[in-house]
Every structure is written in C-alpha cells, then in structure tokens.
Amino acid sequence: MSQYYVYAYLNPLEIGKFESSIFCFLAKPFYIGKGIGNRLYDHLKEARPTRKFKNSHKLNTIRYIQQFNQHPIIIKICENLTEKQALSTELQLISELKQKYNLTNI
C-alpha cells in the first residue's frame, strides 16, 4: 500500500533557493523525514515547552524559529509512496543536503 510520504522542515528565517537533485526549496531545509499519517507534526509537539525537555539540534532549531514568532515551514516532498520508496527518497535527500545545508538529521 502506497501511503508513505517524505517531508521537510524549512527555516522561514532563511529564505532563498536551496536545491537538491529532485527538489528546490524556497527556505533553508533543516530536517528531512519520512512518515505516515500525521508523523510530520510530531516534531512540533516534541519541541513544546510543556513537554519533557529534549535537547536535540532539530528541536532546538524549531524552538529558535519560534522565538521569532515564526513556525517551521513543513512540506510534503513526495506522497503516495511505499515504505521502501519513502526510505530511499529520504536517504537520497539527506545524503545530498546534510553537509550542504547542515541538516539536523542524525
């Protein structure tokens, strides 16, 4: 069943043209993920001050953006994928963008 997707978190404080071989972002990407259902919003929940504090580069980036009364831009890059296709696309994007744009993916 093709229900997976690949998503990106973008920093609205860094607007510009940020390219990969398969996608062009108009704000700087800081995290790439794959998911199903509402997975793409889980990181926002993890970053809330009411949650047990987790110290990670990704969550700290979300908190930093929120200090400016902004929210990360969250986009689905590809949809209706099998898990294998989503994993492959996610890994390709992370590989291409990790060093170039300092992704927070571990």
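How much space lies in the largest pocket? About 160 Å³, in a predicted model where local features need pLDDT of at least 70, side-chain atom pairs count only at pLDDT 80 or more, and totals for chains, interfaces and linings use all residues. Residues are numbered from 1 along each chain as its sequence is written, and side-chain values use heavy atoms, leaving out hydrogens and water.

A pocket here is an open set of points on a 1 Å grid over the protein atoms alone, where a 1.4 Å probe fits, with protein on both sides within 12 Å along at least five of seven lines; lining residues have an atom within 4 Å of a point. Among the lining residues are Tyr31, Glu46, Lys54 and His57. The lining divides into three nonpolar, four polar and three charged residues, and its largest share, three residues, comes from helix α2 (residues 57–67).

Let's stay with α2 for a moment. Its buried residues (under 20% relative accessible area, 1.4 Å probe, protein chains only) are Lys58, Leu59, Thr61, Ile62, Arg63 and Ile65. Their cover includes β1, β2 and α1 (42–47). After α2 comes Asn69, with a positive phi near 55 degrees.

Now to the nonpolar cores, sets of buried Ala, Val, Leu, Ile, Met, Phe, Trp, Tyr and Cys residues joined through side-chain atoms within 4.5 Å.

| Core | Size | Residues include |
|---|---|---|
| Largest | 16 residues | Val6, Phe25, Leu93 |
| Second, separate | 10 residues | Tyr5, Tyr9, Tyr31, Ala47 |

Conventions. Grid points are joined across faces, edges and corners, and a volume is the space filled by probe spheres set on the points. Helices (H or I, at least four residues) and strands (E, at least two) are DSSP runs, numbered from the N terminus. Ala, Val, Leu, Ile, Met, Phe, Trp, Tyr, Cys and Pro count as nonpolar, Asp, Glu, Lys and Arg as charged, and the others, Gly among them, as polar. Buried means under 20% relative accessible area, exposed over 50%, partly exposed in between (1.4 Å probe, protein chains only). Contact means heavy atoms within 4.5 Å.
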